[in-house]
Amino acid sequence: MIRFIPGVDTYTHEKIRTGQVDSKFGIPIAKLEDVFPEILQKKNLNYTGIHCHIGSQLLETQFHLQAITEMGHAIQRIKDKFGIETRNLNIGGGLGVKYTGDDKPVAVKDFVDIIINKFKETCQELKIPVPRIIIEPGRSIVAEAGITLYQVGAIKKIDGLKKYLLVNGGMADNPRPSLYDAKYEAVIVNKFNQKPAEDVTIAGKYCESGDILIKNIKLPEADHGDLIVFFSTGAYHHAMASNYNGIPRPAVVLVNKGKDDLMVKRETYDDLNNNHVLPAWLKN
């Protein structure tokens, strides 16, 4: 399959836009006639369809509808210019989820219905057969199934300016806030029923000023040892986690119908040492 850039810009963070004209991903759709002959000449390739992706955490369908129209015209051009039917169209993913109360994502079923109906209309207008349509659900099927638990360590108050809750994790297990200003909601687990009392900033333990998980969230007054839960962390968290600052990654636990099971064990410093090539004197 050939990935094309449909030239669709989206209302999402610039670092997770992928369908705009100057994207590093894919081939500009305007260059279709230039690249297609070269692809067809390669004996080791079998053309099966076209693919696009316009961005992540999209809460509206309008941009997918624009991409659908552009890809439909591409399929028509391939048929008219080269006499080849396109059997598959992959429109990528990007369907957003609820991270905060301000997020109003489209239901998966509604999203699929809107996309399918629009593309069938497009194919009818362009007089082309309807190919198999592939959609990548991505975070929409796993993000809201996951939560992350942190424990409050140090509490730092700067009079008249800010109060920090520093937790035992941060940008290594959740790089999204540092990478593209992702927003989250959180509560103090053991004070869930208490009323919010103060504005705080939840910061991680890593050696970066940008290691801030949530700026200015209103919570009950926190104490050392309190547990804070972050919601919608089932996608792009463990998968993006790293050993930044030489810190082992946390465990992942599955909880289902009152039972728990360890999915990924907690890393140790021995794990890090054994996975790297160390000089003999350091191992000893």
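The model is a predicted one, in which local features need pLDDT of at least 70 and side-chain atom pairs count only at pLDDT 80 or more, while totals for chains, interfaces and linings use all residues. Residues are numbered from 1 along each chain as its sequence is written, and side-chain values use heavy atoms, with hydrogens and water left out.

## The parallel sheet and its helices

Let us start with the strands. Helices (H or I, at least four residues) and strands (E, at least two) are DSSP runs, numbered from the N terminus. Two strands pair if DSSP finds at least two bridges between them. In the order β2-β1-β3-β4-β5, 5 strands make an open sheet with parallel pairing. Its edges are β2 (27-28) and β5 (132-134); each has a single partner strand, so one side of each is left without a neighbour in the sheet. Strand β1 runs parallel to β3 (residues 49-51), and 2 bridges join them.

Contact here means heavy atoms within 4.5 Å. Axes are lines fitted to C-alpha atoms, for helices over the stretch in contact, and angles run from 0 to 180 degrees between N-to-C directions. Helix α2 lies across β1, β3 and β4 (88-90), and runs at about 150° to β3.

How do α2 and α3 meet? Their axes come within 10 Å and cross at roughly 35°. The crossing of α2 past α3 is right-handed, a term used when the near helix is turned clockwise from the far one by less than a right angle. On the α2 side the contact involves H64, L65, I68, T69, G72, H73, I75 and Q76, which meet F111, I114, I115, K118, F119, T122 and L126 in α3. Sorted by class, this contact has 8 nonpolar, 6 polar and 1 charged residues. In that sorting, Ala, Val, Leu, Ile, Met, Phe, Trp, Tyr, Cys and Pro count as nonpolar, Asp, Glu, Lys and Arg as charged, and the others, Gly among them, as polar.

## The nonpolar cores

A nonpolar core is a set of buried Ala, Val, Leu, Ile, Met, Phe, Trp, Tyr and Cys residues joined through side-chain atoms within 4.5 Å. Buried means under 20% relative accessible area, exposed over 50%, and partly exposed in between (1.4 Å probe, protein chains only). The largest core has 29 residues, and F4, I50, M71 and L89 have the most contacts inside it. At least two residues each come from β1 (2-5), α1 (32-41), α2 (62-82) and α3 (108-126). Helix α2 gives the most, with 7 residues. Another core lies apart from it and has 22 residues, including Y99, A143, L165 and I214.

Leaving aside neighbours within four places in sequence, F4 is in contact with I27, P28, I29, L32, V35, I50, H51, C52 and M71.

## The mixed sheet

The other open sheet has 6 strands in the order β8-β11-β6-β7-β9-β10, with mixed pairing. At its edges stand β8 (186-188) and β10 (212-219), each pairing on one side only. On average, neighbouring strands of this sheet are turned by 35° against each other, direction ignored.

| Strand pair | Sense and bridges | Facing residues |
|---|---|---|
| β9 (198-203) and β10 | antiparallel, 5 bridges | E198 and L219 |
| β8 and β11 | antiparallel, 3 bridges | V187 and V229 |

Is G49 buried or exposed? With a relative accessible area of 0%, G49 is buried. Its place is in strand β3. Not counting residues up to four places away in sequence, G49 touches M1, I2, T86 and N88. The C-alpha atoms of G49 and E33 are separated by 15 Å, and these residues are 16 residues apart along the chain.

N245 lies in the loop between β11 (227-231) and β12 (252-256). N245 counts as partly exposed because its relative accessibility is 40%. Beyond its neighbours within four places in sequence, N245 is in contact with Y206 and C207. The C-alpha atoms of N245 and C207, 38 residues apart along the chain, are separated by 7.4 Å.
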